[in-house]
Amino acid sequence: MDKMIIGTALDNNLRIIAISAKGTVETARMRHETWPTATAVLGRALIGGLLMSASLQDEQKLTIRFLGDGPVGAVIVDANAEQQVRGYVQEPQVHLPPTFDGKLNVGGAVGQGNLIVSKDLGLGEPYVGQVPIQSGEIATDLAYYYAVSEQTPTVLALGVLVGTDSQVEVAGGYLIQLLPGAPDEIVPDIERRLTDFPNVTTLLKENDRPEYLLSKIFNPDEFEILEKRDVEFRCTCNRERLKDLLGTLEVSELEDMIAKEEETEMICHFCRQRYEFTPEELRLILNEKADI
Ligand SMILES: [Zn+2]
């Protein structure tokens with residue numbers, strides 16, 4: 001199973017998180033049948049969501065929405081406190097020519113627009129922060145969100161390497177956050193460490209354990225791993241929920257569906273799971289609706 005590690009570094013002045021999540025991103029690729037550029041977009045957003053989910057507790061959850069004007073359309077990711085993540089891109093069959101340095105053109109696929117992060121912390125109204133998309137490369141955008149919306153200086157790196165067979169070879173990322181009270185000189189120290197630092201995918205190809213990413217930034221005596229958690233692609237949809245959704249349709253819409261006298265198919269946006277409902281089931285839903 002894919003892993004996330006959480007710890008501290010440089011005398012408890014930094015919170016550090018790293019993830020290796022090839023299985024999570026490969027599951028998403030297979031479910032959504034994404035093409036390479038879209039795989040990288042969705043994969044980075046899923047890993048970003050997982051990194052952000054480390055601070056959630058109990059029933060809390062968060063949603064990341066990239067609403068850009070690029071060819072993949074909207075990018076939606078949900079993550080919960082158990083590090084279960086799900087997500088989709090509006091147009092999965094997107095592959096663009098690579099960038100000048102040979103990378104998948106994630107920024108071009110996402111385009112310009114807004115990044116909206118909502119956190120349901122179980123306090124009634126969710127906390128919602130919105131910032132303009134900076135580069136569409138996902139990591140810089142999430143770091144910008146943290147800086148502007150949460151006033152938390154954050155370094156975030158994400159990477160998805162897609163092989164020539166279109167499958168995910170490696171995927172992962174890390175997050176470094178300044179904890180309150182950290183001395184000012186720590187910022188240039190981190191910048192120095194990350195100057196000319198290798199890509200996440202280059203490192204994970206050498207060794208795909210999340211510890212490896214952190215060990216390249218910090219010396220062994222400079223950081224401590226406090227927790228190790230499993231992460232996975234998992235959707236919360238089920239037949240009952242889809243049925244409830246059908247129950248919210250207009251009576252006339254349900255009647256039209258029943259009149260067709262064939263199975264109605266519903267597909268979950270997040271995981272592409274198919275659910276079929278017979279006209280008899282729809283009739284029951286319609287009757288329940290009439291009872292309310
Ligand atoms: Zn689903």
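What follows is a talk about the labels and the values behind them.

Colleague: What should I know before reading any values?

Modeller: This is a predicted model, where local features need pLDDT of at least 70 and side-chain atom pairs count only at pLDDT 80 or more, while totals for chains, interfaces and linings use all residues. Residues are numbered from 1 along each chain as its sequence is written.

Colleague: What makes Q83 buried or exposed?

Modeller: The rule counts other C-beta atoms within 10 Å of the residue's own, placed from the backbone: 20 or more is buried, 12 or fewer is exposed, and in between is partly exposed. Q83 has 23 such atoms, so Q83 is buried. Q83 sits in the loop between β4 (75–80) and β5. Its phi is positive, about 60°, although Q83 is not a glycine.

Colleague: Why is that phi worth a remark?

Modeller: Most residues other than glycine have a negative phi.

Colleague: Which class does Q151 fall into, buried or exposed?

Modeller: Q151 has 7 C-beta neighbours inside 10 Å, so Q151 counts as exposed. Q151 also has a positive phi, about 50°, without being a glycine. Its place is the loop between α4 (139–149) and β8.

Colleague: And E191, buried or exposed?

Modeller: The count for E191 is 10 C-beta neighbours inside 10 Å, so E191 is called exposed. E191 belongs to helix α5 (residues 186–194). Helices (H or I, at least four residues) and strands (E, at least two) are DSSP runs, numbered from the N terminus. From E191 to V155 is 36 residues in sequence and 9.3 Å in space, C-alpha to C-alpha.

Colleague: How do you know that β1 and β2 pair?

Modeller: Pairing needs at least two bridges found by DSSP between the strands. Seven bridges join β1 (residues 2–9) to β2 (residues 14–20), and the strands run antiparallel. I5 has A18 as its bridge partner in β2. β1 is also joined to β10 by eight bridges, again antiparallel. There, I5 stands opposite K228.

Colleague: What makes a set of residues a nonpolar core?

Modeller: Its members are buried Ala, Val, Leu, Ile, Met, Phe, Trp, Tyr and Cys residues, joined through C-beta atoms within 7 Å. The largest one here has 70 residues, and V41, L50 and V75 have the most contacts inside it. Helix α2 (residues 36–53) gives the largest share, ten residues.

Colleague: Which residues is L50 in contact with?

Modeller: Contact requires C-beta atoms, placed from the backbone, within 7 Å. Leaving aside neighbours within four places in sequence, the partners of L50 include M4, I19, Q83, V85 and V231.

Colleague: How is the chain divided into domains?

Modeller: The bounds come from an automatic or database domain assignment. Domain 1 is 2–233 and domain 2 is 239–291. Their C-alpha centres lie 36 Å apart. Six residues of domain 1 are in contact with four of domain 2. β5 gives the largest share of the domain 1 side, three residues.

Colleague: What about the β11 and β12 hairpin?

Modeller: Four bridges join β11 (residues 264–267) to β12 (residues 274–277), running antiparallel. M266 has Y275 as its bridge partner. Six residues lie between the strands, and R272 in the turn has a positive phi of about 65°.

Technical notes
Two residues are in contact if their C-beta atoms, placed from the backbone, lie within 7 Å.
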